Amino acid sequence: MTDAGVRLLAAALAIGLGAIGPGLGIGMLGAKAMEALGRNPEAEPAVRGNLILAIAFAEAIAIYALVVALIIKFVA
Amino acid sequence: MGRTLLIVVVALALIVVGRIVAPVKLGTITLAAEVVGRPGGFPLTNTIIAGWLSTLVVLFLFWRGTTGQQLVPRGIQNFAEYVAEFVLGLCESVAGVQRGRQFFPLVATIFLFVITSNWMGLLPGYNSIVVRESPAAAEPATPAKPEAAKPAGTAATAPATAEVEEIPLFRAASTDLNTTLAIALTSVIATQIVGLRALGGNYISKFINFRGPIDFYVGILELIAELAKIISFTFRLFGNVFAGEVLLAVIVFLIPWGAALPFYGLELFVGFIQAFVFAILTLVFMTLATTAHEHGDDAHAHQASHH
């Protein structure tokens, strides 16, 4: 495999594997939020705000993977 | 079952016919913003132009909204008041009335600028109005560009663009890391200033303290978390908007007709959510920075009363 090929593969693996965890996390957050809404529909504004906040934190992990992938592809 | 088959057949037909009748070539996808011109030696990139354009749009909307105000708002004034009240309500619900009003100007500015630049990036004309530039002129301007463009672009378009380079005149401001880094730095530095003003020495002792080995270690972690905020702010906005642009380009390349429409809806949603997230995270971090950190005996006594 060529050097560029390995780099492409590494970048793809970095973001691909790095997205698994946050994906699962966001899915669990969404499921629990839906559950909470089903139990208590009046709490919709509070649930929505906190849900978006929590998703942003879970998403940050995927962003670190994205940074690594971009560094591998364009910088390193 | 029959309907599914029909949809599949129609989709395939659209792909085939669209690609034959109206072939779209996949443009080169570059990470760095392209330099459109260099007035006075300053490399003016297309994202700078788009950023100023969205600033002007925000300024114009709110200038029109605040001149000749009436008691019963109409038109643009109504719209401006609705947006301002939405953000103000958000600030007051998260940070309380007093602090919320203190944080409101920065939070609202970030929200309005980000949402305007995200949505304006979807307008026709962005990425499609191009200026042609000979590579000889572009070469010294962007030394890293040929290297960056080559692996991202398709092999077919590389020989065609070798002679005359097409550079889009506008490109959504958030697809440039410099834009998002600037907003992220503004947000994080403002958070530090607000925290220092509200708590003084107590704010510094959040990061550097010698109350014990665990507290010291937690302080170092807090310090790293502050730096990580800059990275996650920067790349969250950049990654989402840039990925959206790439997604739209690829969809139009795959299916030229109609298929991009639902994805434009998705991008409108993503643009709003990212602006909202940027603003609300700034707000929450500021609220956390101005909230007194419970430590020492207070915290233990507090916990003891709970259990």
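Colleague: Let's start with chain B: how many helices and strands does chain B have?
Modeller: Chain B has 12 helices and four strands. Residues are numbered from 1 along each chain as its sequence is written, and chains are lettered from A and ligands numbered from 1 in the order in which they are written.

Colleague: What are the spans of chain A along its principal axes?
Modeller: The C-alpha trace of chain A spans about 60 × 20 × 10 Å. Its radius of gyration is 17 Å, while a compact globule of 76 residues would be near 11 Å. The radius is taken over C-alpha atoms, and the globule rule is 2.2 Å times the number of residues to the power 0.38.

Colleague: Which residues touch the most other members of the largest nonpolar core?
Modeller: That core has 46 residues, and V107(B), I110(B), F111(B), V114(B), F278(B), A279(B) and L283(B) touch the most other members. Both chains supply elements giving two or more residues: α1 (3-18) and α3 (44-75) of chain A, with α3 (75-95), α4 (97-120), α8 (177-199), α10 and α11 of chain B. α11(B) gives the most, with 10 residues. A nonpolar core here is a set of buried Ala, Val, Leu, Ile, Met, Phe, Trp, Tyr and Cys residues joined through C-beta atoms within 7 Å.

Colleague: What is F278(B) in contact with?
Modeller: Leaving aside neighbours within four places in sequence, F278(B) is in contact with I110(B), V114(B), F233(B) and L237(B). A contact means C-beta atoms, placed from the backbone, within 7 Å.

Colleague: How many residues does each chain bring to the contact between them?
Modeller: It takes 13 residues from chain B and 10 residues from chain A. On the chain B side, α6 (145-152), α10 (213-254) and α11 (260-290) each give two or more.

Colleague: Switching topic: where in chain B is the pLDDT below 50?
Modeller: Residues 136-161 of chain B are below 50, and this stretch has 30 contacts in the model beyond near neighbours in sequence. Residues 296-307 of chain B also stay under 50, with three contacts beyond four places in sequence. pLDDT is the predictor's confidence in each residue, from 0 to 100. Where it is low, the predicted coordinates should not be read in detail.

Colleague: What ipTM and pTM does the complex get?
Modeller: The predictor gives an ipTM of 0.75 and a pTM of 0.79.

Colleague: Last one: is N127(B) buried or exposed?
Modeller: N127(B) counts as buried because it has 21 C-beta neighbours inside 10 Å. N127(B) is in the loop between α4 and β3 (130-133) of chain B, and has a positive phi of about 70 degrees although it is not a glycine.

Methods:
Predicted model: local features only at pLDDT ≥ 70, side-chain atom pairs only at ≥ 80, totals over all residues. Contact = placed C-beta atoms within 7 Å. Buried ≥ 20, exposed ≤ 12 C-beta atoms within 10 Å, placed from the backbone.
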